[in-house]
Each structure stands twice: as C-alpha cells, then as structure tokens.
Amino acid sequence: MQRILSVLLVTLLVGAHSPDPTRTRNGLPRSTPEAEGVSSRAILDFIEAADAEIDAMNSFMLVRHGKVIAEGWWSPYNAESPHVLYSLSKSFTSTAVGLAISEGRFSKYDPVIGFFPDDVPANPSDNLKAMRVHDLLRMSAGHEDEVALQGQENWIRAFLAHPVPHIPGTHFKYNTPATFMLSAIVQETTGQTVFDYLKPRLFEPLDIQEPVWDTNPQGISLGGYGLNVRTEDIAKLGQLYLQKGQWNGKQIIPAEWAEAATRLQTSNGGSPTSDWHQGYGYQFWRSRHNTYRGDGAFGQYCMVIPEHDAVIAITSGVRDMQQVMNLVWDKLLPALAGEAALPEAPAAHEALTARLASLQVKPAPGQPTSKLARRVSGKRFVFPENDQGVTSMTFDFRSKTPSLTVETGAGESRIPIGYGTWATGRSSYANGIESFTSVHMPDAPVGASGGWSADDTFELKLVVYESPFYTSMTFRFDGDTVTVDGIRNPSRGERASPQLVGTAK
C-alpha cells in the first residue's frame, strides 16, 4: 500500500549476526533430507539455482513430514531476525477469523454493515447491504478497485463509503482493505486486536516469539499486511494448516476451517502457467500442482504441498515473484515425489550443509582500497537541501573497519562497512529505501558491504535485513566533490534515488 521513505540517522549498535543456521528455537524438529525421502543433491541444485538466478533471496526452509530438512539465510539475513511479511499477513488474519467464528463471535454469512452501524452511509446501496464476511474472506466484496485507506481519519467508514458496483460474491478483486475489515470485525466482536487475540490461540502454542503487527490510526491491526515474524514461524503456520489445525496433539484451529480456508472458494483466472490464476480460498492462494500458499509482496511465501507432506517458507526481495515459484516447481517438487527414506548420502549432505551455511546476499563489487581512499578519508562532504534530508557524509577508510557517517538534522549515524562480506549494525539510513506498509524502522538492522570499482569510485550496498529492501550506491570522487547515485531494489515506484552532489568543507 503506502510507500514510506526512510530517512537517515541514529546511533549504530555494531554486533555479530551470524547464528548457526541449523539452530532450533524451540521450534520444529530437525532431520536429514535423505531420512525424509529427499535427495540432498536436489535441494543443493535448488539453492544453487536460486542463488544464481534470483536477484535477492533472503531465506529458505524446507519441512518434510513435519521436520526441517534444509534451512538457510543469505547473510546479513539470519534465523533470529523477523521479516516483514506484507500480504502473507492475510493468512494469519484468516486464522483469527476462523477461530472467532468457531467461538461463536460471528458467522461468516453475517452482513458487514451489521458490525459497524455508526459508520454505514446514510443510504447504503443494495450491494453494500449484501456484502458478507464470506465475501471479504474470498476477495469478492464487490469492489471494482481498492479504496485508499492511508490518510483517512476513519478506515472503516471509508471502506463502507466506497462504491460496490458488483454483486458481492460474483467478482474477484484482490482487496487488501477487505482484509483490514476482517481484522476490524474480529476486534469489534472480541474486544481485542487480531494481534492480541492470536497471542494465546496461535502465537504462543506455536512458540512464535516476539511477533510485531502494526496498527492503523484507530488502533486496529492492519490485517492485510504489517506482520513481522521469523522464517521458521512462517513454516509453522504452513505446517499447522497441513496438519488440519493440529499442533502437538491439540486442535489449535478447527479442521473444517483449515480445509475451507485453503480450498478453492473463488475462481480468478484461466492461465495454467500462472500461480495467480489457480483460484483463491480464505486469504490463501491456490497454486499449481494442487498446492496452496500465503504470499506477500516481493516474494514472501508459505507454500504447502499436501500430496508430498511438505511446507516451504521463503523470504526474498524480488520483482518477479513467479520466478521463485517456478524454481520450486522445477527443482524441488520432483525431489518430493518419493515417500520412503533414501540411503544416507554423507558427502551430498555435507555439501548441502556447507552451502547453506555460506549463503550471502551478493556483496558490493570492488577492491578493499584505492589510491584515492586515504585522501578522501575523513573529508566531510556537505550537501545542499535535498528530499533525503542528508546534511553531510564522511567516510573513514583508515580504521580497521571502514565506515560511513551520515548526518541529518536529527543527528548522525555511523555505518560500518564490510569488504566482500557484510558488517552489521542499526540505523535508519538506507538511501531512501521504501516500504509501502506503515511499518516504520527508525532504528532498523542494516548490513553494509563496499568496494572500490575504480580509483575514484566507491560502491556501497545497504541491506535492511528485516525487510526485502536493499540499495546500491555509487560514490564518485572528483577533487573536493562527491556525486552520489543510488538504485533501490525492489521497488514499486522509481528505483533510482535523486542524485546528490556534495562538496568537501
């Protein structure tokens, strides 16, 4: 939804960030691929292809027969850091709705306007009066386009005032505000936000630790986006639905809800090669190969493959989300065909484990030094007024760990830089990296990598590693002048950030 420009600043807290990728956080049990009927070599082929062909993989976890058999994070991403889910949040909201219905809080066939009598337009249309919870769940509310909720004083009232030209239930329209309304209905009927309502019912039983879910100005969980959890937590949600709502011998969500939410509820297209044309459930997508998934912008996935008793969790920062799924179908799906355990393959498993442990986002290109490095080190380059709010930048190339200090009106931030690897810390500086959710990261974990691509040119790459976003920056030095260009990835808008030109003072 709304794009928000991150500006620069804050105090940097430097620290190591490379946890053992095989570590278990009171989570799913671990096993080897071969013990669960999957070839380590096939998983390695997928990892190699993903690393080579996909612009920015962040994390990957494969669960077979309820056990994690492969997991990896592209440094500076790591197992313990949460990740922005974007629309994958919708599947968690669906879970809250199913639980609330099972508790008798409301029915999925209740009319939407009945929950909010004070916010209904004076003369509601017949189509608005006919809109039910069921229609919100399956993205067939009757809208032709989404209502813009950002900036509205009352989101519920704005939604109900929006035109409903189609009879609800007859027209598929992917509609994030409809999911927000589901969140609002849960809050109206339970007295709790979806986030608080799910804590004892989902997050705690599944040991989903320290989730964060943003709210709108009225204090309602956003529902359709805004949730942050770890990669393993994504896999846990998929495993819960694969097990028809059971977890450790307890029925966490009703089996009938798990089945209804993930089966076809609305048809939405006719292309046999698109995973976005296979139909829609209750805030879950149907996918090719008789599978289903929750997904979020820029490549956040919870993929469930019932026929092969498997779940795949992926976070990434891509513009072509279909490409990621194609690799799963091409490389991993065939490897899941067998059920029986395979003979142990120590060499292949060792190769896979080593590769998973060594993954990293491609660092900035270039050499660790140049003839110009010491001459520009320590110079404070001052910038005229700009929309990024940058007042000055100063590089330190003389210390053991190089760094960039950025100054704004709010203060300064020092960012350590790795050569051929990633140095990490916390900062809000990311050269205008954007987020179209209202999740703010004023003190976000960042990873930085740099190198000299020419004597006068320094390349810097910054990753906000609790999100899919990174930015590549180029600094060209000419005497007492530096020119700064940046490209953001991924982005729904303009990828190039406005050029900055600074002068040494």
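Modeller: The elements named below are DSSP runs, numbered from the N terminus: helices (H or I) have at least four residues and strands (E) at least two. The model is a predicted one, so local features need pLDDT of at least 70 and side-chain atom pairs count only at pLDDT 80 or more, while totals for chains, interfaces and linings use all residues. Residues are numbered from 1 along each chain as its sequence is written, and side-chain values use heavy atoms, with hydrogens and water left out.

The H2–H6 crossing is left-handed, a term for a near helix turned anticlockwise from the far one by less than a right angle. From H2, the residues Lys-90, Thr-93, Ala-96 and Val-97 meet Thr-176, Thr-179, Leu-182, Ser-183 and Val-186 of H6; contact means heavy atoms within 4.5 Å. By class, this contact of H2 with H6 has four nonpolar, four polar and one charged residues. In that scheme Ala, Val, Leu, Ile, Met, Phe, Trp, Tyr, Cys and Pro count as nonpolar, Asp, Glu, Lys and Arg as charged, and the others, Gly among them, as polar.

H2 also packs against helix H7, residues 194–203, at an angle of about 80°, with axes 10 Å apart. H2 is therefore roughly perpendicular to H7, a label given to angles of 65 to 115 degrees. On the H2 side this contact is made by Phe-92, Thr-95, Ala-96, Leu-99 and Ala-100, and on the H7 side by Val-194, Tyr-197, Leu-198, Arg-201, Leu-202 and Phe-203. The residues of the contact of H2 with H7 comprise nine nonpolar, one polar and one charged. Ala-96 of H2 takes part in the contact with H6 and in the contact with H7.

The loop between H2 and helix H3 (126–130) holds Asp-119. Asp-119 is buried, with a relative accessible area of 13%; buried means under 20% relative accessible area, exposed over 50% and partly exposed in between (1.4 Å probe, protein chains only). Leaving aside residues up to four places away in sequence, Asp-119 touches Asn-154, Ile-156, Arg-157 and Leu-160. Asp-119 lies twelve residues from Met-131 in sequence and 15 Å from it in space, C-alpha to C-alpha.

The loop between strand E9 (285–287) and strand E10 (291–296) contains Asn-290, and the loop between strand E2 (57–64) and strand E3 contains His-65. Most residues other than glycine have a negative phi, and most peptide bonds are trans. Asn-290, although not a glycine, has a positive phi of about 55°, and His-65, also not a glycine, has a positive phi of about 55°. Asn-290 is partly exposed, at a relative accessible area of 43%; His-65 is partly exposed at 25%. The loop between E3 (67–73) and strand E4 holds Pro-76, and the peptide bond from Ser-75 to Pro-76 is cis, with omega near 15°.

Conventions
Axes are lines fitted to C-alpha atoms, for helices over the stretch in contact, and angles run from 0 to 180 degrees between N-to-C directions. Angles under 35 degrees count as roughly parallel, over 145 as roughly antiparallel, 65 to 115 as roughly perpendicular and the rest as oblique.
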